[in-house]
Amino acid sequence: MKTTKLFIYLLLIAILSSCQKDDQKIDFTFLQLNDVYEIAPIQGGQFGGMARVATVHKELLQENKNTMLFMAGDFLNPSLLGTLKVNGERIRGAQMVDVMNEMKFDLVAFGNHEFDLSQQDLQKRLNESTFPWISANVKLKTDNAAIPFYKEINGKKENIHETFVKEFTDEDGTKIKVGFISVCIPSNPKEYVEYGNMFVKARASYAALKDSVDVVFGLTHVKIANDKRIAKLIPEIPLIMGGHEHTNMRIETENGVITKADANAKTVYIHRISFDKKTKKATITSELKEINAAIKNDEKVEAVVNKWQDILNTQIKEVIQNPEEIIYTTKIPLDGRDFAVRGEQSNLGVIITKSMSFAYDEKVDGAIVNGGSIRIDDQLFGTITPVDIFRVLPFGGAIVKVKIKGRLLKRVLDYGELAAGTGAYLQRHNIEKVGEKWFIQNKEININKIYTIAFSDYLLKGFDIPFLSEENKEVLEVYNPTENELAFDIRKAVVEYLKTQN
């Protein structure tokens, strides 16, 4: 009997010891967002909302304490809120940092839109952020050299690093060091930013990191073609969490996967990862999760969101009475993404320019707006409200009616065509190019004729097209609308036009 008891006792000890032993396997979870400019739900409240994402994050933490929350670039700009002022200073992404601090992001990457901000404004956002940033290929230009971007907290500078390391421990004692590398697409050149070669820097940062960690993941903001190349250059990376395209995708590579979620948190990616330290193999199960009205808001994050939304609603009501009114419904996404409005004739550009003609009772020969005025860098779908239109055209401005010589108009159109890929590309109404010839209302342009064209007032300032201004002798007359006219604010014109299209 004593022998049996002793055997059972020793067996229990062996079982308990086995349970406590490091089995060399560990599970962890990544929650990935990218290209988020709106803190509140969009499309009539149907999708998105950072308070909903916060709820998902907390549920994942309950499921597995080894959970990280990521932003794969582009969040400080553009947004309607960012253009508004508080205490005489434009918000410029402060609302995003405030919300993301409350959500406790674990790591964020630079996106190209972060550099829409001035150096001074970007530095403020860096200083305000309580989450770590990462980038291998973007540096701050100084008079002497390019140095890492940094946070300045209580007078002390903390550099933004090229790599990031996180250590996980699970219940059975298994430990793992997880590394991250990041690069950003050099599509937004600024005097204060130096972009290193994406591929050279990705390989160099991986080489510097790989021997000190168990596995390395990517957190990037580049085109999918660039992500594929990085995956090929560094096949050891099992997962690249990316941004930039604004539409969800999951691309399998030779040894791993690349994922991107939809913009503005319409969806997020959840990656449940099991890593075996013996085989060095990561098994990844990725779930694209829709963020919709079925998900409850996290109360603490919702309070921060509401604080900023109150500012937005107060200021927007000074311009339009019913900002949340549903004015239009579309089953076809209206494309306001940068690559579309700055490089091709977009259906959203069509609506805006038609609205400009509408504002003048169609008594113009055509209408033109610079693609750079369209700042949403997203698609509109479903129900549309005035707030959505203000998001599209946050800077507003008047629609001016211009009598312009055909010769100058052709120069303007040619310039806009050659500026494809920049904000000077022109969205047009009743104006099209067929072959090498321009047509106005289906008739070839006559360089000696005087045309009446509706322009966004910004274009007449000569910023995008240097020779287009009121001083040009071939600009014969400019009509500036009064405050009580629809053309006084391009956003109001679009709102009223859409109301007629239901």
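This is a predicted model: local features need pLDDT of at least 70, side-chain atom pairs count only at pLDDT 80 or more; totals for chains, interfaces and linings use all residues.
Residues are numbered from 1 along each chain as its sequence is written, and side-chain values use heavy atoms, with hydrogens and water left out.

**View 1. The whole protein, before zooming in.** The C-alpha atoms fill a box of roughly 110 × 50 × 45 Å along the principal axes. Inside it are 13 helices and 29 strands (DSSP runs numbered from the N terminus: helices are H or I with at least four residues, strands are E with at least two). Of the 502 residues, 55% are buried (buried means under 20% relative accessible area, exposed over 50%, partly exposed in between, with a 1.4 Å probe and protein chains only). Take the contacts (heavy atoms within 4.5 Å) between residues at least 6 apart in sequence: 73% of them join residues at least 24 apart. As for charge, there are 65 positive and 68 negative side chains, and the centres of the two sets lie 3 Å apart. Here Lys and Arg count as positive and Asp and Glu as negative, with His and the chain ends not counted; each charge is placed at NZ of Lys, CZ of Arg, CG of Asp or CD of Glu.

**View 2. Phe115 and the largest nonpolar core.** A nonpolar core is a set of buried Ala, Val, Leu, Ile, Met, Phe, Trp, Tyr and Cys residues joined through side-chain atoms within 4.5 Å. The largest one has 86 residues, and Leu33, Met50, Phe105, Phe115, Phe149 and Ile352 touch the most other members. Setting aside neighbours within four places in sequence, Phe115 contacts Phe110, Leu122, Val138, Phe149, Cys184, Asn188, Lys190, Tyr192, Val193 and Tyr195. Another core, of 24 residues, lies apart from the largest one, and its members include Met68, Phe168, Ile273 and Phe275.

**View 3. Phe28 meets Phe168.** A search of the whole structure turns up 23 aromatic pairs. To count as a pair, rings of Phe, Tyr and Trp (its six-membered ring) need centres within 6.5 Å; planes under 30 degrees apart are stacked, over 60 edge-to-face and the rest tilted. The ring centres of Phe28 and Phe168 are 5.0 Å apart and the planes sit at 25 degrees, so this pair is stacked. Phe28 belongs to strand 1 (residues 25-33) and Phe168 to strand 11 (residues 163-169), so the pair ties together parts that are 140 residues apart in sequence. Phe28 is buried, at a relative accessible area of 1%, and Phe168 is buried too. Not counting residues up to four places away in sequence, Phe28 touches Asn64, Asn66, Phe168, Ile176, Val178, Phe217, His271, Arg272, Ile273 and Phe275.

View 4. With ring centres 5.4 Å apart and planes at 40 degrees, Phe75 and Trp133 make a tilted pair. Phe75 sits in the loop between strand 2 (67-71) and helix 3 (80-83), while Trp133 is in strand 6 (residues 133-134), so parts 58 residues apart in sequence are tied together. Both residues are buried. They also belong to one aromatic cluster, along with Phe105, Phe110, Phe115, Phe131, Phe149, Tyr192 and Tyr195. The loop between strand 2 and helix 3 also holds Pro78, which a cis peptide bond joins to Asn77, with omega about 0 degrees.

**View 5. The buried residues of helix 5.** In helix 5 (residues 119-128), the buried residues are Asp121, Leu122, Gln123, Arg125 and Leu126. They pack against helix 4 (94-103), strand 6 and strand 9 (150-153).

View 6. Glu362 is not a glycine, yet its phi is near 65 degrees. It's found in the loop between helix 10 (347-359) and strand 21 (366-370), and at 45% relative accessibility Glu362 counts as partly exposed. Asn442, also not a glycine, has a positive phi of about 70 degrees. Asn442 is in the loop between strand 26 (437-440) and strand 27 (443-444), and is exposed, with a relative accessible area of 65%.
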